[in-house]
Amino acid sequence: MKIRLFLLQFVLFLLCSSSLSFAKIPPRFPSSSFVQPENLYFSLAYKGNKLYETNYFTQILDHFNYNPDSYQTFQQRYLFNDKHWGGAKNNAPIFVYTGNEGDIEWFTQNTGFMFEIAPHFKALLVFIEHRFYGKSIPYGGDKEIAYSNTSTLGYLSSTQALADYATLIIDLKKNLTATDSPVVVFGGSYGGMLAAWFRLKYPHVTIGALASSAPILNFENITSPYSFNNIITQDFRGESENCYKVIKGSWKKIEDMAKTTGGLKKLRKSFRLCKNYISSGSLVNWLSTAFTYTAMTDYPTASNFLNPLPASPVKEVQVFITETSTFYLYIISGSQFLGEYNII
């Protein structure tokens with residue numbers, strides 16, 4: 001019961017932290033979390049299990065042009081762990097995580113695979129933060145300026161990010177007198193795309209790339225625009241056909257209820273929404289986002305990535321839905337979605 005309540009809290013967190021929208025929005029990493037990276041890091045460090053050291057590299061803003069703005073610099077954060085490194089004299093390898101669209105500490109703390117294999121390969125671990133994210137913000141670290149318009153955001157591109165990684169890696173190897181140490185890049189999701197592209201574009205810097213869940217072909221006119229949603233659907237359908245049917249049927253129930261007199265008010269009350277006004281489209285968006293994040297982090301072990309979740313969260317959701325035969329009633333009757341639990 002505690003796990004299921006925890007899942008419901010997760011869903012409600014997404015519902016109340018999302019902004020109203022009538023259009024489908026691709027999933028992004030949230031700007032906040034129940035467990036902030038820094039808090040988790042200091043907790044681990046306090047227990048004597050320090051995962052990494054933090055350092056900064058002076059990075060150029062524009063690697064490809066010669067405009068006056070191109071020569072501006074910013075501090076790019078990278079994390080490293082040399083506990084198991086065999087050293088430059090032994091040409092021990094360097095494993096580099098190509099950071100994605102978020103705080104690099106999130107990814108470092110949830111990339112157990114690299115930490116697991118580091119002792120075997122005697123590897124140095126390096127996690128580089130993507131420009132414009134976390135603490136690697138150009139324009140003096142001022143996000144308002146960095147994100148203010150197209151002229152500043154124009155420097156936020158995968159091409160520039162790849163050049164960042166190449167520049168940092170080459171400089172780091174030089175400083176460590178490890179120019180002969182082989183580099184292997186790692187990444188997941190967008191970070192996996194960066195890892196694969198990095199191997200293609202900078203083969204003189206890295207000998208290989210491990211690209212996990214990397215949709216490198218997921219572009220218009222190459223891959224179906226419905227492929228991502230189909231995978232999410234199959235995640236739930238694979239656990240339970242009934243769960244799949246209930247979730248699929250709920251969209252129509254929400255739409256029908258919204259059309260009735262006082263229907264939107266009942267929906268707002270049912271789902272304990274903190275907005276004074278909702279549309280059926282925005283509610284469906286919120287719910288689908290919750291299901292999407294659950295599927296995206298459907299790991300076999302408990303995880304703090306994006307939000308704290310138990311092991312196999314999709315299974316936990318389907319168990320709740322399967323055992324709650326009155327699921328539809330929560331939607332259409334105006335009853336309290338969380339029953340006796342007053343979360344908000």
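User: What makes the largest nonpolar core a core, and which residues have the most contacts inside it?

Analyst: A nonpolar core is a set of buried Ala, Val, Leu, Ile, Met, Phe, Trp, Tyr and Cys residues joined through side-chain atoms within 4.5 Å, where buried means under 20% relative accessible area (1.4 Å probe, protein chains only). The largest such set has 27 residues, and Val96, Val126, Ile128 and Phe198 have the most contacts inside it. This is a predicted model, in which local features need pLDDT of at least 70 and side-chain atom pairs count only at pLDDT 80 or more, while totals for chains, interfaces and linings use all residues. Residues are numbered from 1 along each chain as its sequence is written, and side-chain values use heavy atoms, with hydrogens and water left out.

User: Which element gives the largest share of this core?

Analyst: Helix H7 does, with seven residues. A second, separate core of 22 residues includes Ile232, Ile247, Ala258 and Ala295.

User: Why are H7 and H8 called roughly perpendicular?

Analyst: Helix H7 (residues 158-175) and helix H8 (residues 190-201) pack at an angle of about 65°, with their axes 10 Å apart. Angles of 65 to 115 degrees count as roughly perpendicular, and the two helices are therefore described that way.

User: Which residues of H7 and H8 meet?

Analyst: Ser158, Leu162, Tyr165, Ala166 and Ile169 in H7 are in contact (heavy atoms within 4.5 Å) with Tyr190, Leu194, Trp197, Phe198 and Lys201 in H8. By class, the residues of this contact are eight nonpolar, one polar and one charged.

Key
Axes are lines fitted to C-alpha atoms, for helices over the stretch in contact, and angles run from 0 to 180 degrees between N-to-C directions. Helices (H or I, at least four residues) and strands (E, at least two) are DSSP runs, numbered from the N terminus. Angles under 35 degrees count as roughly parallel, over 145 as roughly antiparallel, 65 to 115 as roughly perpendicular and the rest as oblique. Ala, Val, Leu, Ile, Met, Phe, Trp, Tyr, Cys and Pro count as nonpolar, Asp, Glu, Lys and Arg as charged, and the others, Gly among them, as polar. Buried means under 20% relative accessible area, exposed over 50%, partly exposed in between (1.4 Å probe, protein chains only).
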